[in-house]
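User: I'm new to this structure and would like to learn how to read its features one at a time. Could you walk me through it?

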Amino acid sequence: MSIDIRQLFQATNPGYTLNVENEADRQLYIDFSGVRGSGLVSEMRENISFFSPNDPTVQLFTGHIGCGKSTELLRLASELRQEGFHVVYFESSRDLEVGDVDISDILMAIARRVSESLMQIENVELKKPKGLQGLLSGAAKLLQTEIDLSAEATLPGLGKVSASTEEGGSFSADVGVPGLGQVSASDSDGISLVALGIGKITARAKNSPELRSKLREYLEVRTTNVLESINRELLEPGIARLKEIGKKGLVVIVDNLDRVERKPKPWGRPQPEYLFVDRGEQLRQLNCHVVYTIPLALLYSNDLNQLSSRFNTDPVVLPMVPVCHRDGREHTEGLPLVREIVLARAYPGLSSEERQAKITELFDTPETFDRLCKISGGHVREILRLLNDWIKKDRKLPLSHEGLEKVIRTRRNHMMLAITDDEWELLRQVRDRKKVMGEEGYDTLISSMFVYEYRDDDGYWFDVNPILASAPELKA
């Protein structure tokens with residue numbers, strides 16, 4: 001079995017997320033649980049399926065961007081489905097503007113995605129949700145007013161919206177977005193009203209800061225009503241119908257909330273702390289199982305204890321795959337697994353032993369391959385990104401040691417441009433102490449991927465991104 005350079009480039013796309021429910025992706029999936037901290041996903045699954053199948057749970061999941069969180073969450077979703085749960089997984093960044101998020105945005109996104117998912121299940125029908133219908137009516141009327149339309153006119157991207165409704169009354173408008181069709185509150189299918197109505201209204205608001213602000217003002221003062229309506233008219237009857245058809249319950253997995261930007265709100269509070277600490281109590285009031293991804297920055301915030309208190313749980317952290325130990329020794333269990341990230345994509349149909357025999361078809365020497373794995377620091381997306389850049393440099397197999405060194409130098413030079421003298425001093429401290437302490441350390445080091453986080457039997461430890469390790473400033 002041979003592979004050409006173009007096939008290898010396409011197979012190692014760093015932007016592709018594996019979904020273990022797909023047979024082809026299952027061949028590429030590597031189980032890192034033994035070296036990352038055994039059974040993180042299994043523990044999250046059992047918190048739902050074994051310890052609390054009938055009572056709502058909330059779990060928080062975090063880690064570096066690109067370390068494989070989405071792949072692990074899709075694995076969690078797959079395992080829960082196998083145990084009989086109905087799982088709604090969605091990427092919140094498709095619904096939300098991550099630079100400007102509020103609680104009502106998250107709640108409405110969940111309502112929309114749950115509604116869409118229930119619509120696809122045969123024999124699951126719910127009564128018309130009058131409370132949510134009233135909220136949609138008021139929101140549609142607000143959007144029309146803000147664009148200064150007449151009593152009945154056309155909203156750009158929304159279609160026709162009638163202002164003849166009163167808040168809490170019937171929603172008589174036909175609201176349409178190109179590609180989604182129209183939805184009317186007179187429809188008998190209440191689920192479709194929620195799914196399409198929310199989708200059409202929030203789609204317009206997402207792309208307009210002014211409309212988003214006005215819509216949020218309308219919904220935020222009604223957050224209690226929003227929660228009550230979602231629970232009473234959507235989640236609780238939805239779970240009851242799911243159990244009638246043999247399901248064990250409903251699980252909602254909200255991915256990509258870890259991408260919420262650390263921008264201050266107008267009153268100065270950082271957005272992650274505002275959402276998950278100040279308003280965390282409301283996020284945990286949904287009457288179903290929920291898994292939220294959260295920004296890694298919160299683990300280094302002074303509000304960490306409050307965060308855990310709000311949700312009655314500690315965040316689960318997905319660390320890097322270790323390629324070495326704290327003392328610099330090669331990690332004899334982690335490094336072979338990092339090699340498999342590449343080999344499985346190049347030769348998915350072969351066994352691990354057969355793949356090992358083909359290393360020199362891909363790389364000029366096994367040592368060159370190990371250099372790639374070690375310089376990645378065990379960051380899943382980073383090793384694929386470096387490999388993709390390397391392939392574009394060499395354009396032939398086997399890939400050369402010289403080509404890899406050029407890619408490493410280019411990447412290092414780009415990263416060094418952003419590092420200040422004070423940050424070099426912090427990096428030297430991390431190199432020597434294997435620790436990061438305080439919010440400043442996180443913001444300047446970890447968020448920029450200057451520092452990676454690992455886990456062993458003694459707990460979490462940190463090290464400088466190996467790409468920066470040979471920088472002259474670190475040797476000073």
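Analyst: Happy to. Let's start with a pair of helices: α18 and α19 cross in a right-handed way. By class, their contact has 4 nonpolar, 1 polar and 6 charged residues. Keep in mind as we go that this is a predicted model.

User: How do I read the packing of two helices, and at what angle do α18 and α19 cross?

Analyst: The general idea is that two packed helices are described by the angle between their axes and the distance between the axes. Here, α18 covers residues 380-394 and α19 covers residues 401-416; their axes come within 9 Å and cross at roughly 120°. That is why α18 and α19 are oblique to each other.

User: Which residues of α18 and α19 meet?

Analyst: On the α18 side you'll find E382, R385, L386, D389, W390, K393 and D394, and they meet G403, L404, V407 and R411 of α19. To make sense of the spacing in lists like this, remember that an α-helix has 3.6 residues a turn, so residues three or four places apart point the same way.

User: What sits in the loop between α18 and α19?

Analyst: P398 is in that loop, and there's something to spot there. As a rule, most residues other than glycine have a negative phi, and most peptide bonds are trans. The bond joining L397 and P398 is cis, with omega at about -5°.

User: Let's go back to helix pairs. How do α4 and α5 pack?

Analyst: Read them with the angle and the distance again: about 40°, with the axes 10 Å apart. α4 and α5 are therefore oblique to each other, and their crossing is right-handed. From α4, the residues V41, S42, M44, R45, I48 and S49 meet E72, R75, L76, E79 and L80 of α5. Sorted by class, that contact has 5 nonpolar, 2 polar and 4 charged residues.

User: What about salt bridges? How many does the structure hold?

Analyst: The structure holds 37 of them. Take R45 and E83: their closest N and O atoms are 3.0 Å apart. R45 is in helix α4 (residues 40-49) and E83 is in the loop between α5 (69-82) and β2 (85-91), so this pair ties together parts that are 38 residues apart in sequence. R45 counts as buried at 14% relative accessibility, while E83 is partly exposed, with a relative accessible area of 28%.

User: Which other salt bridge ties together parts that are 177 residues apart in sequence?

Analyst: That's R279 with D102, where the closest N and O atoms are 3.4 Å apart. R279 lies in the loop between α11 (271-278) and α12 (280-283), and D102 in the loop between β2 and α6 (103-119), so the link joins parts 177 residues apart in sequence. Both R279 and D102 are buried.

A further salt bridge pairs D432 with R431, with the closest N and O atoms 3.0 Å apart. D432 is exposed, at 55% relative accessible area, and R431 is partly exposed, at 30%. Salt bridges can also share partners: D31, R45, E46, E72, R75, E79 and E83 are joined into one network that way.

User: Is helix α11 mostly buried or exposed?

Analyst: In α11, 7 of the 8 residues are buried, so the helix is largely enclosed by the rest of the structure. The buried ones are Q271, P272, E273, Y274, L275, F276 and V277.

User: What does I106 touch?

Analyst: I106, in helix α6, touches L96, V101, L257, L275, L283 and Y292, not counting residues up to four places away in sequence. I106 counts as buried, at 1% relative accessibility.

Note on methods:
Residues numbered from 1 in each chain as written. Predicted model: local features only at pLDDT ≥ 70, side-chain atom pairs only at ≥ 80, totals over all residues. Heavy atoms only, no water. Axes fitted to C-alpha atoms, helices over the stretch in contact; angles between N-to-C directions. Helix = DSSP H or I, 4+ residues; strand = E, 2+ residues; numbered from the N terminus. Parallel < 35°, antiparallel > 145°, perpendicular 65-115°, else oblique. Left-handed = near helix turned anticlockwise from the far one by under 90°. Contact = heavy atoms within 4.5 Å. Nonpolar A, V, L, I, M, F, W, Y, C, P; charged D, E, K, R; others polar. Salt bridge = Lys/Arg side-chain N within 4 Å of Asp/Glu carboxyl O. Buried < 20%, exposed > 50% of the residue type's maximum accessible area, 1.4 Å probe, protein only.
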